[in-house]
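Me: I would like to learn how to read the packing in a structure. Could you take me through one?

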Amino acid sequence: MVTSVAVENANCTYCFNDARERLLQHPAVQRVELDQSNGCLEVEHGFSDPRSVTDLLQQTLRGWMVASNGEVEMVATEPTLTRSCVTHN
């Protein structure tokens, strides 16, 4: 099964690549293509429920934002299922 996931606040390059590598370590995940510029991942997997992909991402992927005091802080992401991603290899 291939599932596309849009991720709100996925703007940390290191975090995005780390989440991709963590997904690939899961035995049910065969392939992960990502397009960070659009905050989107396309995941080929063997889960019966595609929400398992968003659950894994929720646990591993973070973003960042600038707080009102000017400091950068890590923030949670909001992975959601989407109809399709435009990915670039």
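Reply: Let's start with Leu23: beyond its neighbours within four places in sequence, Leu23 is in contact (heavy atoms within 4.5 Å) with Val29, Val32, Leu41, Val43, Leu56 and Leu57. This is a predicted model, where local features need pLDDT of at least 70, side-chain atom pairs count only at pLDDT 80 or more, and totals for chains, interfaces and linings use all residues. Residues are numbered from 1 along each chain as its sequence is written, and side-chain values use heavy atoms, leaving out hydrogens and water.

Me: Which residues touch the most other members of the largest nonpolar core?

Reply: In soluble globular proteins, nonpolar side chains tend to be buried together. A nonpolar core is a set of buried (under 20% relative accessible area, 1.4 Å probe, protein chains only) Ala, Val, Leu, Ile, Met, Phe, Trp, Tyr and Cys residues joined through side-chain atoms within 4.5 Å. Here the largest has 19 residues, and Leu23, Leu41, Val43, Leu57 and Leu61 touch the most other members. Two or more residues each come from β1 (2-8), α1 (13-25), β2 (29-35), β3 (40-45) and α2 (51-60), numbered from the N terminus as DSSP runs (helices H or I, at least four residues; strands E, at least two). The largest share, 4 residues, comes from α1.

Me: Is Thr77 buried or exposed?

Reply: Thr77 is buried, at a relative accessible area of 0%, and is found in the loop between β5 (72-76) and β6 (78-82).

Me: What about Val72, buried or exposed?

Reply: Val72, in strand β5, counts as exposed (over 50%) at 56% relative accessibility.
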